[in-house]
Amino acid sequence: MSETPQRSRATHEPERPDNRARAEIDLAALRANVRALRARVAPSGARVMGVVKADAYGHGAVPCARAALDAGAAWLGTATPYEALALRAAGIDAPVLCWLWTPGGPFRAAVDADVDIAVSGLWALDEVVAAARAAGRPARIQLKADTGLGRNGCLAGDWPRLVGEALKAQADGDVRVTGLWSHFACADEPGHPSIDAQLTRFHEMLEYAEKAGVEPEVRHMANSPATLTLPETHFDLVRTGVAMYGISPSPELGTPADFGLRPVMRLSADVASVKQAPQGLGISYGHHYVTDRETTLALVPLGYADGVPRHASGRGPVLLGGAVRTVAGRVAMDQFVLDLGDDTVEPGARAVLFGPGDDGEPTAEDWARAAGTIAYEIVTRVGARVPRVHLHERG
Ligand SMILES: *Cc1c(COP(=O)(O)O)cnc(C)c1O
């Protein structure tokens, strides 16, 4: 006799999707980080935008967005339109700015959902105007200035035309210009000459637009490093991503604790097997590690499919059995090995790759160093196969 399904989910989905590993997300820490950032920008009179692009840097967009708003973030920011619309679909009605558009948008869906649309050029303005007409309501747009990042945004030479066309569309009732903004190239390198140059250029481009008649609700430029170290860049709003997740934008600027921040993500897995191995056993693909004596090996069921960087082969640090060990040999797609020497653990023992560091576990920064990258990438790349477990959802 077949069992009655307990829930309406597709029957091929198991009850517990994956319990070998988990990324625990401490939403109480995220809220405390948002409060710390608000306190830091309060003297400037600025508010905080919680940047939740890329699934909140791997932490889970919707729960993190809700926690950020609970803690007093005034805005949310996303890169792609889909990310912005997903917040609306989850019932989040706070102001959302979305900044990475390609022709085809979907601009109409964004207008209907009351998402602020970043506009860097005339093609986007044209598509927004058409979408607003179809929707029968003005689109909220924020003009983006390229003050020296050299990526998205409107260069100074093209600014008068874009501002002029946007004001025309505003006069026609098709758009409302709600923001003027820009983004830094080197805010994480204190004293870099581009910082002052970009700030000066932004002031000039703001002045031009405001004299022409733009009355923005918000002017903004600061990312996390600028928020933490450059008060003169705070304007009306700061766009904080990585700091909200308790990660320092750069180890040279300081540790998270130096800024009153606490890492939000803890990545761990349950050991899949433990075995005694003889001297001279080659470990994992390529045999880049060979046991130099009789020893105990533990298998950790996480690999590059889960976001563990293959570049950290032979280098990544992991807390297991009361000590920090180093990945032995290559990180494979689904697993890697730790050499425990004279120690041992039981199968099922918890291996912690990174976390806040309180219990002696490594941090995302330690993994960034081991892999030759930045901590932003370590948390953001944690794979979709790893369940996010959100802790302290209420608080
Ligand atoms: C990602 C991003 C941010 C946030 O940067 P952090 O350094 O993580 O604070 C801010 N603004 C824009 C335009 C971004 O793309």
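Me: How many salt bridges does the rule find across the interface of domain 1 and domain 2?
Reply: The rule finds zero salt bridges there. A salt bridge is a side-chain nitrogen of Lys or Arg within 4 Å of a carboxyl oxygen of Asp or Glu.

Me: What sort of model is this?
Reply: It is a predicted model, in which local features need pLDDT of at least 70 and side-chain atom pairs count only at pLDDT 80 or more, while totals for chains, interfaces and linings use all residues. Residues are numbered from 1 along each chain as its sequence is written, and side-chain values use heavy atoms, with hydrogens and water left out.

Me: Where are the two domains?
Reply: Domain 1 covers 27-253 and domain 2 covers 265-391; these bounds come from an automatic or database domain assignment. Their C-alpha centres are 37 Å apart.

Me: How many residues are in contact?
Reply: In domain 1, 13 residues are in contact with nine residues of domain 2, where contact means heavy atoms within 4.5 Å.

Me: And what area do they bury?
Reply: The two domains bury about 1000 Å² between them, with 62% of it on carbon and sulfur atoms. Buried area is the accessible area (1.4 Å probe) that two parts lose on being put together, summed over both.

Me: Which helices supply the domain 1 side?
Reply: α1 (27-41) and α2 (53-57) each supply at least two residues of the side that touches domain 2. Helices (H or I, at least four residues) and strands (E, at least two) are DSSP runs, numbered from the N terminus.

Me: Changing topic, which residues come nearest the ligand?
Reply: Of the 15 residues around the ligand, K53, Y57, S224, G241 and Y376 come nearest; a residue counts as near if one of its heavy atoms lies within 4 Å.

Me: Which peptide bond is cis?
Reply: The bond from G105 to P106 is cis, with omega near 20°. P106 is in the loop between β4 (96-98) and α5 (107-112).

Me: What is the phi of D114?
Reply: Phi of D114 is near 60°, a positive value in a residue other than glycine. Most residues other than glycine have a negative phi.

Me: Which side chain does D114 meet in a salt bridge?
Reply: D114 meets R137 (3.3 Å, N to O). D114 lies in the loop between α5 and β5 and R137 in the loop between α6 (122-135) and β6 (139-144), so the pair ties together parts that are 23 residues apart in sequence.
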